[in-house]
Amino acid sequence: MAGNETWRLIYNPDGDTADIVSYGASIAEGRIAGKYQLSTTLVPDTLVIQKSRELGIVAGADVVVEKELAASQKIAVARLPRQGRNGARPVGTVQLAELTSKASSKFKAAEVDPDEPAVLIYTSGTTGNPKGAMVTHRNLNFQCTTIVKSLIDFSPDDRVIGVLPLYHIYGLANALIVSLHYGACLVLMPQYSPQSLLETIEKHQATMMPAIPSMYQLLLGLSRIKSRQTKIPKSLKHCISGGAPLPLAVLKDFAEAFSTTIMEGYGLTESTSSVCANGVGGRFKDGSIGRPAEGVEMKVVGEDGAELPDGQEGEIAIRSTTIFRGYWNNPAATAQVLDADGWFHSGDLGYRDADGYYFITDRKKDIIISHGYNISPREVEEVLAEHPKVSEAAVVNLVSPKGEETVTAFVVPKFSGPDNTPAAGEEPPSHRELQEYCELHLAPYKRPRSYVVLSALPKSATGKVLRKELRGDAEDKRLIDRSAR
Amino acid sequence: MMFGKSKAAEPLPLGLGATLEAIAERHRKREAIRFENRIYTYQELDEEASRVAGGLASIGVKKGDRVAIMLPNIPEFVFSLYGVQKLGAVAVPFNTMYKGREISFILRDSGAKAIVCLSNFAPLIQEIQSECPALERVVVTGQRSFVFVDPAGTVNAQMVFERSRFPDPSAAFHAIGGALVETFKALGVDDAWYSHIGAVRASGKKLATIILSEIENLYVANVVTWLSPMDTAPLFKVMYVPPEIKERALEPMTSVKQESGKDVGLREFKDALVAQLSATLQVRFEPGKLTRDELIAYEKNRALAGRI
């Protein structure tokens, strides 16, 4: 590179929002041969440095900005040009629209082995890393043709609310795939608020809604605010709740307020979502996950794998065509949950009553389930342990007597003094530092809501962290102090 | 067998891709998807899925390959999922809120050959792409990028230069990122740091972003940095973006003032950046203005930017 080469510097210290969009694009356009040939001299490479005199948003074509509101708040808006085939595009990427514009609208589906995975859904287990559950074509087909069919009457006239995230097995199987299977219409919602959900149900006269308990609770709450102008939609025929237990009172009140029927489903990623439902035909048992759907066998087994009689607590095992094929590239983890006879060992502890209704009592393994998402304490602990001021951490879900859950991290600081003692001026990590670190590395649902600094974690003789003690300790601070010394 | 039994009673095929085709055959004109004020019929959905299948095939995705999907509930999620199914490939949809290390693990473990994501996430994926050797293509969709402009704190720097100046995009990223790091250090941000592609960070937080685009023979680099902290809350109140994008935009940010404790003005920043770029690129900078050609383009682009 020649040291005497000259670049042009354009300095625009008092620009506006539209300038931010326009300068770079204009220089690029001016440089591209054959556009406007008024100048004959070659324009040099250019650096533009600008600052705006107004508050503003430079927005891509699909960003929705409320024009009047922005104007009233004195916020300027400048649109980026729609990226197409001819515009500038980020290096190393290809636009989906560019790929599809060149492709045929008739692509005959390839022949597939129905027992090959259609999707891999990553789910957290007891180990630090998530595992890719292989959900096959046959699993998804069976979920639609047999399981859902035995619970709900789907027809092409249905309009289904697509508010659950489609990357999660519940939304994928019980909103998207089932809706398409029956030729129904799926109303996609990329963002959730109780108000927008209420409005979407009403606007589209939705007839089906798979959702999670908090959504039902909040919708019910909204419907009770009499002063609100919003109409309570009466179009819903069937609702399904899943992901966490829904209090029976909420369930009944919701069904009444919205003139609908509601069922509680139970399922896991490994069972391609639903295998069991409470409320089929209006028959509920409080606190139960219900009875197995058609095409599903369930039993409760003891430590030795033998089936237990009704009323005894053990692990819930499930056998069905809807049970997944195994974990991707992980035969060891697969062997731990799928036995030779095809039973899937769910890791959920519970019992069956004399009427054949199942009840969940606890988790066998150290998995935290929060709002339908599995959280691996190990994964969160490994992230925390990478913080420069953390020596080790243990993460547990603290449940208050009222049932409120708080994922809590117990953190042992790392100090530079001998025997991990603080050197002069050395402080343990602050709540805020830990929080920001988790924000950088973990999805929001995995982040602890509370942090407790300890000088040591309670451990067994073999060095295993005693999570139970940490859980119990939440109410009894003296125990923390004792284990810390 | 009942006489005259309708076609609709025939069992559907087991494969997801073939299922969509069979359903689309039965319900051509019926609504499949509603999104905002748009309706897609089953025929349109099948055609869109076909185009995704063909498009992915054109970049080398084959039956059995894994294709990651990192999209919110938008029609492109459905098109991509079923396009992948038509190809006989395996879809790997995952949580759009995931961060770099979470995404990196899933891409490595699944061996995904391509990912379909929002254009906003391209820099995030590219930051980890070197850890994911199987990942060949980053397919972006949606035009949901945005940049906030704050008179108090944000500075925008744009560079337009010949692609031939650098052997490849990563060399260009490296040069610009390196010059920015030195600029920040000269301004008192001692631990400014840049790995490759994406953001310049200080104390783990985002201090500047670099987006490198290409058009014909040119690279266009867009740099945004913050001299002082900005309050994004009022801006989010007037716009609608899906939560995962907001989350990404709100990733912990910092500013020159927060990191160095100093009030650095625009002129001081400009002088520091020009000095570092001069050294890195071995060029001189001369103040200039837009040419006549560029002014025509500038007026047109301003007009286009003004439509909402």
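These legends go with close-up views of a predicted model.

**View 1. Chain B as a whole.**
Chain B of this predicted model has eleven helices and 13 strands. Its C-alpha atoms fill a box of roughly 85 × 45 × 40 Å, taken along the principal axes. The chain has 308 residues, and 62% of them count as buried. Now take the contacts in chain B between residues at least 6 apart in sequence: 63% of these join residues at least 24 apart.

**View 2. The interface of chain B and chain A.**
Chain B brings 151 residues to the contact, and chain A brings 147 residues. The size of an interface is often given as the accessible area lost when the parts come together. Here the area buried between the two chains is about 13,200 Å². Carbon and sulfur atoms give 60% of that area.

**View 3. Salt bridges and polar contacts between the chains.**
Across the interface of chain B and chain A there are 14 salt bridges. One of them links the side chains of B:Arg165 and A:Asp45, at 3.0 Å from N to O. Which classes of residue make up the side of chain B that touches chain A? That side has 80 nonpolar, 31 polar and 40 charged residues.

Look for A:Ile57: it stands opposite B:Phe148 in β7(B).

**View 4. The loop at B:Ser203.**
B:Ser203 lies in the loop between β9 (198-202) and β10 (205-215) of chain B. Most residues other than glycine have a negative phi. Phi of B:Ser203, however, is positive, near 40 degrees. Is B:Ser203 buried, partly exposed or exposed? B:Ser203 counts as partly exposed because its relative accessible area is 40%, between the limits of 20% and 50%.

**View 5. The loop at B:Gln282.**
Where does B:Gln282 sit? B:Gln282 is in the loop between α10 (266-281) and β13 (283-287) of chain B. Its phi is near 55 degrees, a positive value in a residue other than glycine. With a relative accessible area of 43%, B:Gln282 is partly exposed.

Note on methods. Residues are numbered from 1 along each chain as its sequence is written. Chains are lettered from A and ligands numbered from 1 in the order in which they are written. This is a predicted model: local features need pLDDT of at least 70, side-chain atom pairs count only at pLDDT 80 or more; totals for chains, interfaces and linings use all residues. Side-chain values use heavy atoms; hydrogens and water are left out. Helices (H or I, at least four residues) and strands (E, at least two) are DSSP runs, numbered from the N terminus. Buried means under 20% relative accessible area, exposed over 50%, partly exposed in between (1.4 Å probe, protein chains only). Contact means heavy atoms within 4.5 Å. Buried area is the accessible area (1.4 Å probe) that two parts lose on being put together, summed over both. A salt bridge is a side-chain nitrogen of Lys or Arg within 4 Å of a carboxyl oxygen of Asp or Glu. Ala, Val, Leu, Ile, Met, Phe, Trp, Tyr, Cys and Pro count as nonpolar, Asp, Glu, Lys and Arg as charged, and the others, Gly among them, as polar. Two strands pair if DSSP finds at least two bridges between them.
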